[in-house]
Amino acid sequence: MSQPAISDLEPIARAAGRAILAIYHQPFEVEYKQDESPLTAADKGAHEIIVRALATLTPGIPVLSEESDAGVMQERLDWSRYWLVDPLDGTKEFVSRNGEFTVNIALIEAGRPVWGLVYAPVLDKLWYGGKGVGAWRTDASGTAPIQTRPHAEGQVWKVVGSRNHLSQATLDYLARFGDMAKGEIELIAMGSSLKFCIIAEGGAELYPRLAPTCEWDTAAAQAVLEGAGGSVTQLDGAPLAYNKPDILNPWFVAKA
């Protein structure tokens, strides 16, 4: 399999989305992990659906999910090609019921996300693609290619930022692009990997993330954005690498 077939992966993402929505629309309990991030039955259910389906679809390609156990977390260091999954990206958005959460599935090769799929169950929108392949969005209108829209000189910067993690470091970084108080920057607050997708389809130009994320938070959406012509790099311009010993990402900037 050189590139994943969307006809194979879309049903998996949608099945996970249905399981998530079944819990989303009823009362549910929230647990908390050691890092104090929330965990629900929706995270666990989507994880099981995706991992089982990928194991059937591509038995030779291992899977790392945010909800994988410690053994898999250790084994993945020996993998050169694997699926990287966030079964429910934006659990805080899920808990607050604002709809801004996604299912993320990425294919990693040699430390790079070569293909990704992002599905937003509440919005019923799906984005997919990869660098050198292209990028597409599927919604109620059908499927269409998407392309970034780089910032034009003299125009207001359209910046997407986290609804829950807009750090002071991020605000300081944005100051180099303009004065928010003077309207030189339009900030669009958004949860989960949807921020990358907004840039990929031309709705914003910049997403600086100077706050913690993990590799499964970014891989699928990075692939989509790069497929649409954008980039995701560390602050020094180096590529954002995957399957590092430390699963945490360095600070990064996503651009159109």
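**Surface patch and nonpolar cores**

In the predicted model, Leu166 is located in the loop that links β10 (157-162) to α5 (168-174). Leu166 is partly exposed, its relative accessible area being 33%. Together with Leu171, Met180 and Leu187, Leu166 forms a nonpolar patch on the surface, and the accessible area of these residues together is about 270 Å².

The interior was examined next. In soluble globular proteins, nonpolar side chains tend to be buried together. The largest nonpolar core comprises 36 residues, within which Leu84, Trp127 and Phe196 have the most contacts. Two or more residues of this core are contributed by each of β4 (81-89), β5 (102-109), β6 (112-120), α6 (194-200), α7 (215-227) and β14 (252-255). Another core, of 28 residues, lies apart from it and includes Phe28, Ala46, Val85 and Trp115. When residues up to four places away in sequence are not counted, Phe196 touches Tyr207, Thr218, Ala221, Gln222, Leu225, Val232, Phe252 and Ala254.

As regards the overall fold, the protein contains seven helices and 14 strands. The radius of gyration is 17 Å, close to the 18 Å given by the globule rule for 256 residues, so the protein is as compact as a globular protein of that length. Along the principal axes, the C-alpha atoms fill a box of roughly 50 × 40 × 40 Å. Of the 256 residues, 51% count as buried. Among contacts with a separation of 6 or more, 64% are between residues 24 or more positions apart. The protein exposes about 11,300 Å², of which 52% is supplied by carbon and sulfur atoms.

Technical notes. Residues are numbered from 1 along each chain as its sequence is written. This is a predicted model: local features need pLDDT of at least 70, side-chain atom pairs count only at pLDDT 80 or more; totals for chains, interfaces and linings use all residues. Side-chain values use heavy atoms; hydrogens and water are left out. Patches are made of residues with over 30% relative accessible area and no salt bridge: like charges are joined within 9 Å, nonpolar side chains (Val, Leu, Ile, Met, Phe, Trp, Tyr) within 5 Å. Accessible areas come from the Shrake-Rupley method with a 1.4 Å probe; for residues, only the protein chains shown count as cover. A salt bridge is a side-chain nitrogen of Lys or Arg within 4 Å of a carboxyl oxygen of Asp or Glu. Helices (H or I, at least four residues) and strands (E, at least two) are DSSP runs, numbered from the N terminus. Buried means under 20% relative accessible area, exposed over 50%, partly exposed in between (1.4 Å probe, protein chains only). A nonpolar core is a set of buried Ala, Val, Leu, Ile, Met, Phe, Trp, Tyr and Cys residues joined through side-chain atoms within 4.5 Å. Contact means heavy atoms within 4.5 Å. The radius of gyration is taken over C-alpha atoms; the globule rule is 2.2 Å times the number of residues to the power 0.38.
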